[in-house]
Amino acid sequence: MRKRLLLHFMLIMLITFWLSCTKKPDDNLIKSDIQNKVNADADLKDDGLQVDSAAGKVTIQGTVETEAERSKAKLIAKAEPGVVSVDDEIIVAPSAETLAATQPPAAAGQPAPAGGATPEASAPAAAGPAPEPAKSEPPPPPKPIVLPAGTILTVRLGEALSSKHAQPGQTFAASMANPITVGGRTVIPSGSAAQGVVRDAKKAGKFKGGAVLSLDLTALTVKGHTYNINTVDMSRATKGKGKRTTVGVVGGAGAGAAIGGLAGGGKGAGIGALVGVTAGAIGAGATGNDRDIELGAESAVSFELEESLTLKPE
């Protein structure tokens with residue numbers, strides 16, 4: 001009897017150990033914990049490091065001033081439970097102040113000649129080639145600019161889009177309606193080119209009687225550099241025949257809220273309300289058969305970055 005109980009106990013322990021070894025790491029938790037610890041560290045909080053994790057493999061990107069800061073960021077990541085490996089893509093670029101602090105002090109002067117000799121008498125013995133002037137260190141490279149997830153990008157459509165005529169997978173051109181600034185400096189000028197895609201489009205009567213139009217911003221060109229971006233889908237839907245649609249022909253912040261809001265709620269809800277849309281940008285009939293969603297050319301539409309965007313320094 002005692003042997004059977006011991007055998008059952010060992011079997012339970014083996015199963016528990018196996019389950020703990022096969023449990024996949026929670027990448028979102030790993031990424032969040034490491035990012036919070038880096039942002040809270042006195043030496044690293046101003047460096048703008050970005051942390052990512054995939055299957056427990058952590059990647060750290062950004063620029064620091066010293067090798068010690070780079071090593072500290074790696075140690076924070078390695079100490080996180082569930083981390084399998086750490087791949088640091090950190091650039092060490094000392095600031096001008098750090099470089100100045102590490103330079104040796106200038107020579108205080110030559111010692112007095114021995115034996116009471118005058119400086120004139122000892123001059124021939126001390127004569128030699130003049131020391132070369134110290135070479136100035138090049139300025140450190142500028143740090144990359146990081147736009148965090150949640151940043152709102154408002155663009156003007158380069159063409160008209162509608163739930164009746166648009167096709168899923170169809171691309172469209174747009175341009176930035178407003179500049180994006182960081183620290184008082186414009187990092188994305190107004191008018192910068194953008195590109196998007198129609199994720200879904202159904203005309204009225206095809207989807208429970210209502211119309212659907214879902215857009216996503218996929219690329220942004222800033223000062224000659226094109227970046228692929230991920231945004232929260234901008235979705236809009238109307239109700240079926242014989243019922244009032246959720247919005248009529250409106251403009252300003254009201255239309256913005258209609259564009260940003262996903263039917264039934266969702267992450268994109270209310271995004272458009274932050275900026276608004278050109279009057280008449282969305283048309284949806286109140287009743288009857290005119291229930292398709294219309295976005296005219298030059299309509300202003302707001303999108304929310306789903307992931308952070310790193311811009312190349314100027």
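The largest nonpolar core has 33 residues, and those with the most contacts inside it are Ile188, Leu215, Leu220 and Leu311. A nonpolar core here is a set of buried Ala, Val, Leu, Ile, Met, Phe, Trp, Tyr and Cys residues joined through side-chain atoms within 4.5 Å; buried means under 20% relative accessible area, with a 1.4 Å probe and protein chains only. Several strands each supply at least two residues of this core, among them strand 9 (185-188), strand 10 (193-207) and strand 11. Strand 11 gives the most, with six residues. Strands, like helices, are DSSP runs numbered from the N terminus; a strand (E) has at least two residues, a helix (H or I) at least four.

This is a predicted model, in which local features need pLDDT of at least 70 and side-chain atom pairs count only at pLDDT 80 or more, while totals for chains, interfaces and linings use all residues. Residues are numbered from 1 along each chain as its sequence is written, and side-chain values use heavy atoms, without hydrogens and water.

Isoleucine 188 touches, among others, Leu147, Leu220 and Leu311, residues up to four places away in sequence not being counted; contact means heavy atoms within 4.5 Å. A second, separate core of 15 residues includes Ile34 and Ile90.

Strand 11 (residues 210-222) also pairs with strand 13 in the antiparallel sense over four bridges, where pairing requires at least two DSSP bridges. Leucine 213 stands opposite arginine 236 in strand 13.

Finally, glutamine 35 lies in helix 2 (residues 27-40). Why does glutamine 35 count as buried? Because its relative accessibility is 14%.

How values were computed. Buried < 20%, exposed > 50% of the residue type's maximum accessible area, 1.4 Å probe, protein only.
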